[in-house]
Amino acid sequence: MAITIKSEREISRMREAGKILADVHDRLEEIIAPGITTLDIDRKGEELIRKAGCIPSFLNYEGYPASICVSVNDEVVHGIPTDSRKLEEGDIVSLDAGVIYEGYHSDAARTYGVGTISDEAKRLIEITRLSFYEGIKNAYAGNHLHDISASIQKFVEKNGFSVVRDLVGHGVGAQLHEEPQIPNYKPVGRGPKLRPGMTLAIEPMVNAGDWKIWILEDDWTVVTRDGSKSAHYENTILITEGEPEILSLY
């Protein structure tokens with residue numbers, strides 16, 4: 001599938017999707033506390049998405065059984081919410097969510113501390129967030145896609161963490177996952193040239209330890225191989241004639 005360049009009409013719908021998704025994340029952050037279950041978070045997230053007139057992007061996507069991916073501590077992404085998993089003081093939790101507004105997706109993720117967390121966990125969350133911003137310093141028309149990837153990797157590794165290499169960001173629009181794939185490390189080659197109208201989900205996934213991962217028996221939950229904590233930060237962005245526009249942050 002070729003990389004799609006979005007029309008003004010499509011971009012307008014994606015802006016609204018992003019605005020709604022940003023509000024969902026803000027409101028989910030308010031309920032993160034020791035004792036809440038991961039299923040509580042999912043139910044609240046779906047309620048917020050539907051009340052806003054949107055459809056959850058993730059629910060039943062390729063069989064995923066929830067609206068919000070809730071990943072705790074060493075879970076990198078795609079954690080499945082359950083009523084038996086309660087958040088505990090000192091945990092970190094990553095929430096990955098998407099919404100469909102009038103046929104167009106927005107995709108974004110955040111990682112939060114639960115109660116009082118360690119300084120190292122705080123630093124992991126912050127470096128992951130900042131690595132996204134390092135990446136989009138290169139998200140300008142005329143640059144190449146892997147300029148984004150290389151700057152994310154360089155920043156993360158300079159700060160003593162590692163970027164997951166088996167999972168990538170992606171294009172987004174009428175489909176949740178579109179071309180191109182967006183690694184968080186510098187692969188061989190420069191990647192396609194960035195053009196105005198591209199919409200990209202850039203999502204650093206950063207481990208406190210080694211970058212290697214595996215998938216649990218549920219065929220969804222991705223965890224770090226060494227048991228170290230992992231953080232995730234993602235936004236949907238638009239490539240413009242000037243500075244990149246973050247569509248899922250208001």
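Visitor: Which residues of α1 meet α2, and what makes that a contact?

Guide: This is a predicted model, mind you. In it, V24, R27 and L28 in α1 meet I41, K44, G45, L48 and I49 in α2. Contact means heavy atoms within 4.5 Å, so that is the test these residues pass.

Visitor: What makes up that contact by class?

Guide: There are five nonpolar residues, one polar and two charged.

Visitor: How do the two helices cross?

Guide: The axes of α1 (residues 8-29) and α2 (residues 38-51) come within 10 Å, crossing at roughly 145°. As for handedness, α1 passes α2 in a right-handed crossing.

Visitor: How do you know that β3 pairs with β12?

Guide: Pairing takes at least two bridges, and two bridges join β3 to β12 (residues 222-224), so they pair. The two strands run antiparallel, and E75 has V223 in β12 as its bridge partner.

Visitor: Why are β3 and β11 called edge strands?

Guide: The open sheet has three strands in the order β3-β12-β11, with antiparallel pairing. β3 (75-77) and β11 (213-215) each have a single partner strand, so one side of each is left without a neighbour in the sheet. From one strand to the next, the twist averages 40°.

Visitor: What makes β7 and β8 a pair?

Guide: Three bridges join β7 (residues 169-171) to β8 (residues 178-182), and at least two are needed, so they qualify. They run antiparallel, G171 stands opposite E178 in β8, and a hairpin joins the strands through six residues.

Conventions:
Residues numbered from 1 in each chain as written. Predicted model: local features only at pLDDT ≥ 70, side-chain atom pairs only at ≥ 80, totals over all residues. Heavy atoms only, no water. Axes fitted to C-alpha atoms, helices over the stretch in contact; angles between N-to-C directions. Helix = DSSP H or I, 4+ residues; strand = E, 2+ residues; numbered from the N terminus. Left-handed = near helix turned anticlockwise from the far one by under 90°. Nonpolar A, V, L, I, M, F, W, Y, C, P; charged D, E, K, R; others polar.
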